[in-house]
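Hi,

Here is the structure I promised to pass on. Have a look at it first, then read my notes below.

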Amino acid sequence: LGRALLPSGISALELRYAGPREEAPRPLLLGALQGALRDVVERRAINLVNAQHVAAERNIETAWTHAGSATDLGEEIELRMQSGTRNIRVAGALLGETHGRITRIGDFRVDIAPRGTLLVLRNRDVPGVIGRVGTLLGEQGVNIAEYHQARLQVGGEALAAVSIDSVLSTETLAALKSISEVLDVHQVEMD
């Protein structure tokens, strides 16, 4: 998710883990590197054993932190990624043993399952945006599984994390981007 929201290759990746397993941060970092580099390096060429070495070859700075016990959300993982001057922060929580949720995208708190196709929209916080997005998707025969809208302040910028049942065509993505209140749209395939 973090990699898909950045404009180009990553230059730094930092992982923060909050939970009871002191040994967890390093393998989680390696898994995050593997995911972040899979579109850059042939999928078979990167694995948990060599992910940090491949990152070092590409001058990608890495770090991890164990932040102690679990948060109110359970075990929590936060990734901070950098690409040139752009940064993105994404976080997720493991509720119970199998119930994962995306809990943060950038500065916005969200609550959405990390599966299938996810749309991430930045938009102006004005009346009607959710309706226009939902109507456009419905007209294209796209079913919405979850829609989470978050904002930092009334009338400012908002972020929508929309889980959908199918991949959008280039034309539908362009139509979403043409909605005057929509500032940015990313489509992410969650494995």
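Start with the largest pocket. Its lining counts 33 residues, and Leu1, Gly2, Ala32, Leu79 and Met190 lie nearest its centre. Two or more lining residues come from each of β1 (12-18), α1 (25-37), β3 (75-83), β4 (86-95), β5 (99-105) and β10 (182-190). The volume of this pocket is about 1000 Å³. By class, its lining holds 19 nonpolar, six polar and eight charged residues. Keep in mind that this is a predicted model.

Next, the second largest pocket. It has a volume of about 460 Å³. Here 26 residues form the lining, with Met81, Asn87, Ile88, Arg89 and Gly106 nearest the centre. The elements giving two or more residues are β1, β2 (61-66), β3, β4, β7 (116-124), β9 (157-164) and β10. Of these, β4 gives the most, with four residues. The lining divides into 12 nonpolar, five polar and nine charged residues.

Last, a helix pair. Helix α3 (residues 129-139) packs with helix α4 (residues 170-177) at an angle of about 160 degrees. Their axes are 10 Å apart. Angles over 145 degrees count as roughly antiparallel, so that is how α3 and α4 lie to each other. The crossing of α3 past α4 is right-handed. On the α3 side, Val133, Leu136 and Leu137 make the contact. On the α4 side, Thr172, Ala175 and Leu176 do. Five of the contact residues are nonpolar, one is polar and none is charged.

Over to you.

Best wishes

Key:
Residues are numbered from 1 along each chain as its sequence is written. This is a predicted model: local features need pLDDT of at least 70, side-chain atom pairs count only at pLDDT 80 or more; totals for chains, interfaces and linings use all residues. Side-chain values use heavy atoms; hydrogens and water are left out. On a 1 Å grid over the protein atoms alone, a cavity is a set of points where a 1.4 Å probe fits but cannot get out, and a pocket is an open set with protein on both sides within 12 Å along at least five of seven lines; lining residues have an atom within 4 Å of a point. Grid points are joined across faces, edges and corners, and a volume is the space filled by probe spheres set on the points. Ala, Val, Leu, Ile, Met, Phe, Trp, Tyr, Cys and Pro count as nonpolar, Asp, Glu, Lys and Arg as charged, and the others, Gly among them, as polar. Axes are lines fitted to C-alpha atoms, for helices over the stretch in contact, and angles run from 0 to 180 degrees between N-to-C directions. Angles under 35 degrees count as roughly parallel, over 145 as roughly antiparallel, 65 to 115 as roughly perpendicular and the rest as oblique. A crossing is left-handed if the near helix is turned anticlockwise from the far one by less than a right angle, and right-handed if clockwise. Contact means heavy atoms within 4.5 Å.
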